[in-house]
Amino acid sequence: MFSLLIFVPLFIVMLINMPFGGIRKSAYILAFLLALAQIVFTLLAFFTPLSPLSSGRQDILGNFFNFRIGVDNLTLVLLFCIGLTLLVTLLTGREVVVDQRQRFNFVNLLVIAMAGLNGIVLAQDIFTMYVFLEIAAVASYILISFQKGILALEAAFKYLILSAAASVLMLSAIALLVLVSGDTSFAIISQALRDGSGGFPVKLALGLFVCGFAIKGGIIPFHGWLPDAYTEAPAPVSIFLAGIVTKTLGLYTLIRVVTVLFGQAAYISQILLVMGILSVVFGAWMALTQNDFKRMLAYSSISQVGYIILGLACGPGWGLAGAILHILNHTVFKSLLFVNSAAVETKTGTRNMDQLAGLSDRMPVTSFTSIIASLSAAGVPPLAGFWSKLLIIIGLWQAGFKLVAVIAVLASIITLGYLLSIQRRVFWGKLGSELLNVKEAKGGIMISAVLLAAIAIGVGLAFPFIPAAMLNSLSSLLGG
Amino acid sequence: MRTEATLLGIVFIPLLGSFLLPLIGRLSARFRNYCALGLVLVTFLLSASLIGKVLSGQAITVSQQLVFGFSTVFTADGLAVFMASVASFISLLIVIYSFGYIDHYDHQSEYYFMVVFFLGAMMGLVMASNLIFLYIFWELTAIASWRLIGFFREKNQVMRADKAFLVTFFGAVVMLLGFIVVYQQTGSFDYATIKASLNGGTLSNLAVGLILFGILSKSATLPFHTWLPDAGVAPSPVTALLHAAILVKIGVYVFARLFVATFPIEQIWHTVVPIIAGVSAIVAAGAALVETDIKRIIAYSTISQIGFIFFGLATGNMVGVAGGLLYILAHGLSKAGLFLCAGIVEQNTHVKDINRLGGLMKTMPFTAIAFLACSFSVMGIPPFSGFFAKYMVFAGGINNGQIGTTIFFMAGAFMTILYLLRVFYKVFMGETGESQAPEGSASMVYTVVIFAVLSLLSGILISYPAQFVQAALLNLPGVK
């Protein structure tokens, strides 16, 4: 069944490009239904009992095409995030991308990217994963620059060049692994790595992987492309990139490879800790100094992704569960903040926060939902972000990385600081005369903002009631 | 079962009911105000209805199995019911006062929403019986106070609201680390389970120190006090709420709850805490002596008086702790009265500088008398309740053999008399200042007179609250 998540999008891309009269017009609707279907499908799957990854669901189509796919709770979380972000991107895109021709291209690219992202999370084979990764990446280069703004083209080019480097690193690592184990499937590689002593080629492969994924995920010190790409991309594309693309391309892959393939080798924790804490602190620090709404959010993404890396560094246990939960939460609150920035940008025509003020009365929904997102991002209870950060901090403390835990906690004060500065500069204060006619954003932007805010509140409130078994299944991903 | 429902009602009626207020406000402003009053009244009546139950030595517990192995969620014992009754009663009067004060400003719906929400969060914090729930409600109060301090939305106000939020958030996350240390030490967040696993031993000093850090930041004790005078930019009923009923009392209450009523701590803290409190009391009193802004003087007075409460609670003997708790009541009543009087003066004269005021006795006699009566209670003049409470604190200190510290605090009490009389003379007596103004509106004047009368009555009838407090303190580990 799950392989349909890859094939149906591909089929739809072919369908909407057929030279029949009416089909182009329904492209948007089809993509929308696709996103909705994915959300419903993963929710249904989530609430049916699931065996662990090692005996992952193999299905008929997968056998037929001879690539292995498998599903566990991590996959389901990611699939849900992909569906959700796609939905929100489409809703926002409806308001922002008004030209019919551009919108058609936009929808096409999104659906291709979706197939790629679904493929990455479902793949049980390192080379398959790499292929889908490239599909998603190529689609996102074009998405950044499809409106052909000069700055957007520059940002996309930067991303392309750095990603090319990442591809080289990842391919070399895959080659090394095939050398050691003789196969590309996760199960066989992880078995081979466990049997062997893990000599130099293995360590080298792991290092190459970490660097490659870190570029894709925008983790410091490999983050150079990210602020430009997030800032210059069209508003809905920023949501898509920040919400899910970097997360799947960089973080999901990292989690899979580190925990499943390499069995959370001890030496990797140190590297991850350093990269994680650097991202957390410098991302937050850089965000503090920004005037551009979206650029601040971009640096904030780097910082939040750092928390996920820290959770991963703790290894199986609450840290890892927190990391996975933070992927979901970050998707929700960062997409929400980008939706808010899209609302402000479309209505006022600027992203420079120094030129804005007092919008809370003019845009009450945007203002309220941005508070929810900000507080969730800063880890203020009872919102969802609090719980994932709490799990990560407890995980760090229990793993003995106490200093890192302290720094990570203190960094959340900087997070709150810059997010409050958005509130102060954009939504509070006196309304300037040139902003008197600003109205609340409408339609798709509103629906997405309210939907995401409801999820951020709902997950936060529901968290204490989730069964311990579910947390445990997230915290013990070690397959094979 | 019915008492459990009452307990849940105390927390969730105001907390959830507050969300209806903005909606009701769209229909009718008047009806919304009465609904806000009604919610607070119900909260108070429910809290008061538990007094009989807890006096007979029973504690009411709401249990629910939740994630992290939480088993008890809320507990109402003597201490909790005392605090809940005091806080909700003072809030009740402050809401009545708000009818007159706030009715010509924008964003009234948000005001009532946040005030009632604030109270609900306070109730949750008071009743919480595990550390994570304590933390959640702690942060909810921070969110509410952030919105309320920034109520006027000018740049200056918002900056200070952000400051208050950031300082208390800083304290809170440090406290959260303390909770994680406790978790590491005992394997639980539940008060009862922690107590059982400590098994007569003491909490680790690291945990106590970190938690104390959070407590001191919330109750604005040196060296984290600067946000409180700055928060005086809020509307006067809000400052009254922050100082008298809710915010700064949270720190004191949590100290009483964790370190007096629940966990044994090492002896050294019974010396360290009074010294910090003493320095805070003296320094803040000195600042109050030189300030010229009426609200800042009263704010410094709060910082100073909170020191007395900490001193009482930290003595660890019956008289001292009972005195500390009674002073929460006495200080709450009289400090609320002082701020509300200051609010009348400020709103009618538009001047906050005491050097530019004078002779207001002639035009606002009721306010002047109420101010004087409340000042007497804070100074500790018999038969006002402040006298009895301070006396008991000093007696507790002497009983504990801390004669030097007690003398130090007596000097602080003397300075209290000086700065409060200074304010009274400059504002209400002497030559007529540059601004002369009539009395405030009826609901405002009634409220301050009621506070003055209550300060006196609670002194004359001190035996009733004293009996209650002593019953609440029986058999607590921190009280000998």
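**Figure 1. Burial and overall form of chain A in the predicted model.** Of the 480 residues in chain A, 60% count as buried. Chain A contains 19 helices and 0 strands. Its radius of gyration is 21 Å, close to the 23 Å given by the globule rule for 480 residues, so chain A is as compact as a globular protein of that length. Taken along the principal axes, the C-alpha atoms of chain A fill a box of roughly 70 × 60 × 45 Å. Among contacts in this chain between residues at least 6 apart in sequence, 80% join residues at least 24 apart.

**Figure 2. The contact between chain B and chain A.** Chain A contributes 24 residues to the contact, and chain B contributes 22 residues. On the side of chain B that touches chain A, the elements giving two or more residues are α7 (131-149) and α8 (155-186) of chain B. The most is given by α8(B), with 13 residues. By class, this side of chain B comprises 16 nonpolar, 2 polar and 4 charged residues.

**Figure 3. Packing of helices α1 and α3 in chain B.** Helix α1 (residues 2-17) of chain B packs against helix α3 (residues 29-49) of chain B at an angle of about 165 degrees, with the axes 9 Å apart. An angle over 145 degrees counts as roughly antiparallel, and α1(B) and α3(B) are therefore roughly antiparallel to each other. Their crossing is left-handed.

**Figure 4. Residues at the contact of α1(B) with α3(B).** From α1(B), the residues B:Thr6, B:Gly9, B:Ile10, B:Ile13, B:Pro14 and B:Gly17 take part. They meet residues of α3(B) including B:Leu39, B:Val40, B:Val42 and B:Leu46. The residues of this contact divide into 7 nonpolar, 6 polar and no charged.

Conventions. Residues are numbered from 1 along each chain as its sequence is written. Chains are lettered from A and ligands numbered from 1 in the order in which they are written. This is a predicted model: local features need pLDDT of at least 70, side-chain atom pairs count only at pLDDT 80 or more; totals for chains, interfaces and linings use all residues. Helices (H or I, at least four residues) and strands (E, at least two) are DSSP runs, numbered from the N terminus. The radius of gyration is taken over C-alpha atoms; the globule rule is 2.2 Å times the number of residues to the power 0.38. A residue is buried if 20 or more other C-beta atoms lie within 10 Å of its own, exposed if 12 or fewer, and partly exposed in between; C-beta atoms are placed from the backbone. Two residues are in contact if their C-beta atoms, placed from the backbone, lie within 7 Å. Ala, Val, Leu, Ile, Met, Phe, Trp, Tyr, Cys and Pro count as nonpolar, Asp, Glu, Lys and Arg as charged, and the others, Gly among them, as polar. Axes are lines fitted to C-alpha atoms, for helices over the stretch in contact, and angles run from 0 to 180 degrees between N-to-C directions. Angles under 35 degrees count as roughly parallel, over 145 as roughly antiparallel, 65 to 115 as roughly perpendicular and the rest as oblique. A crossing is left-handed if the near helix is turned anticlockwise from the far one by less than a right angle, and right-handed if clockwise.
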